[in-house]
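Notebook open. I want to look up how the strands pair here, then check the surface.

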Amino acid sequence: VVAAFEQIATPIWLVLDEVHELHAANALRSLDMLLRRLPDKLRLVLSTRCEPPLALPRLRVEGRLKEIHASQLTFTRDEAALLLAGHGMVLTGPELDLLLERTEGWAAGLRLAALSLAHEPDRAARIAEFAGDERAVADYLVGEILSRQPEHIRRFLLTTSVCDQFTVDLAARLSGREDAGEILTGLERSNTLIVRLGRTRTWYRYHALLGGCLRAELHCRHASLPARLHRIASDWFAAQGATLPALEHAVAAGDTELTAGLLRRHGLSLVLGGGGAGLRRLLDRLRPDLLVRPDVALVAAAAALDAGDVPAADARLNPMNLSVSGQPTERLRALHAAVALHRARLHGDLPAALETLKAVHGTHTGDPDVDLLALLNRGISHIWLGDPGTAEVELQDALTLSTAAGRDNVTLQCLGNLGAVSASTSAIVEMTDRARAALDFAAKRGWAHISHCAFACVLAGWGAFQRLDDAAGGYARRAVDLLRGQTDATIELSALSLAAIVAFDSSNDRHATVASLRAVWQRLGGELMAPALIGYEAPFEQRMALRVGELGWAEDVPERVRTLVGAEGEYHYLRAVLLAHRGRPGPARRMLCPVIGEMTRCLVDTTLVDAWLLEAVLADGTDDRRRGHEALVAALDVAEPMRALRPFVEGGQPVRDLLARGSGRFGRHEEFAGRILAAVPAGRPGPTDSLTPRELETLAELPSMRTTEEIAEALHCSANTVKTHLRGVYRKLGVRNRRDAVTAARHHGLL
């Protein structure tokens, strides 16, 4: 044959199909000889389910072998769509994705699905149900795979199918065969729809359709065997420290005591480690009588609260009776108090819940996870209650414990909330670093899109906003996107506030932006929140309200601050802004005295910067240039350690003028002042440059066809007064005529 092919001038492709059917030694030997002495004009294609005993390794080393494996024959999304189109079937994107997930791109599975769906009116439901127990699929798999296997292999396949993934050791436990490794290697080589997983390739799984078929066969042939196999798997996974799979198999076995024991010992560690989502899915399958046991109910409530699902937590806590199993232990009382504190953080009496936890929880309960949950919730609660010093200590302790124990969910929350501690102490640089550390930690674990990242995004965004970094907008949008379920009022308010503040300057409808922010505070303002949030947000909300001409809204802001935190420095500053806006610089400066004289504390240092800048502008406006420069230097002195450029931008053109005039006289702040001067845009309205009430009244008349005299008559003033107001309107809007003033006013939401 070789000699004959060598005489041929035209290249020939010889295709040998189903080579796996060749078993005779002479046939394999002669084929091997052909491979070794392959003529130049001959190309040989071998199609086989498994690698035949030929000289393929030698050809591979010599670079004479091109291999196409089963994984390369898996249908892509586009290829699957073409196959289905050939059956006259066009699926939606989600339907196609689900079918590919079910079939894993296996060509035979896709074709069987197409035949099954051909006359199905509800395709989406049918695809969701498509599995290995489908009659057509099962017949194919039994006929093509199972029936060709010896009895001991078929039993091995059935007994190991109870696990989605398994190792050789687990397969040996389930099947009772010491040669499990040899069997698995043989099945893999024969391409029996088995996949080896992981970097070390020590785990195996069956194709989804084959696994479903095997489980259906197991339940049909051996009704009582699956429960026993699930118990074996549960014990094996528990011994490996794989709690969630152990619980899954305990639930599948229907073993109440095994499930309860695992939940009692390991349920809380799952929540704290980041496995809360999987645990919640399992808890939904538990019997009601198991869910009312205190140790199980508290774990279920902790998992629900971790997801922000207060109703689900209440459903577990309300029917629970701590005395159902006799005298509750110290651990159980401490766990109940820690869960109740988390519940109060989301909605409830936080101070009372914190005192209860302190009363029942000592330094150690003997359960490190209970201690960790208590520390975390106490630390966060102290932030909301305005005690950052205590919060820092408890969150640092919690961080140390969580890092050592591998409780990554707690580590992430500690990192993020330590950023909030820094924000409470106006350490904005440290706040940003801690927030970024939290986000990096989450990204490395594939958690970039979980709700616990929302607060870190807010803090990173606020730091970027203060530095005039364009990344602030991205952080703000991401924070809002990550708000899911019910979360702490501080986190929700801070995310929505940051989003509105960052978007204000570029908004097409600034009035609507301010109105939405105001509505958020009206909805959530009654909840307990971190005082620092109020300090950061209030000056911006008032400034935005003034810039859209809503004086009443601007007046509401200091009153809300006084109601929530008392007459702190923020209240005095906000009142001073209103006085300055009404053209009363003297009373405004007197209102600032307690703030800049440090007779009253500010919740955050950015307010102190704002206050000094307002003092600088007002002093300069009364020709007290020396005092204006001194106040500007004082503002630089507070702002530079925070790298806070934003207050100077918000100060607008008056602050820019002061910086330009004082250049060269700022001493150690000269470089920082230069950076600010380069960043502050010329012509931006300052803190006292918003339209006054009389100017707003005049502006409202401009879209009409009335003359200046007619407007004066309507406003009960002289024509000269109207002209004065118009000059102020034109200057503040940056326009030169009536038509442009109307256009600009509509853009800014003033009309």
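I started with S1 and strand S2 (residues 42-46), which pair in the parallel sense over five bridges. This is a predicted model, so I keep that in mind throughout.

I then followed the chain between these two strands. From S1 it passes through helix H2 (residues 25-36) and on to S2. I noted the hand of this β-α-β crossover: right-handed.

Next I looked for a residue pair across the two strands. Tryptophan 13 stands opposite arginine 43 in S2.

I turned to valine 15, which lies in strand S1 (residues 12-16). Is valine 15 buried or exposed? Its relative accessibility is 55%, and exposed means over 50%, so valine 15 counts as exposed.

Which residues make the nonpolar surface patch? I found Trp13, Val15 and Val45. The patch covers about 330 Å².

I looked up the strand order and got S3-S5-S4, an open sheet of three strands with antiparallel pairing. At its edges stand strand S3 (166-167) and strand S4 (194-197). Each has a single partner strand, so one side of each is left without a neighbour in the sheet.

I checked the contact between S3 and strand S5 (residues 203-206) as well. Two bridges join them, and the strands run antiparallel. Which residue stands opposite tryptophan 203 in S5? I noted threonine 167.

Definitions and conventions:
Residues numbered from 1 in each chain as written. Predicted model: local features only at pLDDT ≥ 70, side-chain atom pairs only at ≥ 80, totals over all residues. Heavy atoms only, no water. Patch = residues over 30% accessible without salt bridge, like charges linked within 9 Å, V, L, I, M, F, W, Y side chains within 5 Å. Areas by Shrake-Rupley, 256 points an atom, 1.4 Å probe, with all protein chains shown as cover. Salt bridge = Lys/Arg side-chain N within 4 Å of Asp/Glu carboxyl O. Helix = DSSP H or I, 4+ residues; strand = E, 2+ residues; numbered from the N terminus. Buried < 20%, exposed > 50% of the residue type's maximum accessible area, 1.4 Å probe, protein only. Pairing = 2+ DSSP bridges. Right-handed = clockwise from strand over helix to strand, strands pointing away.
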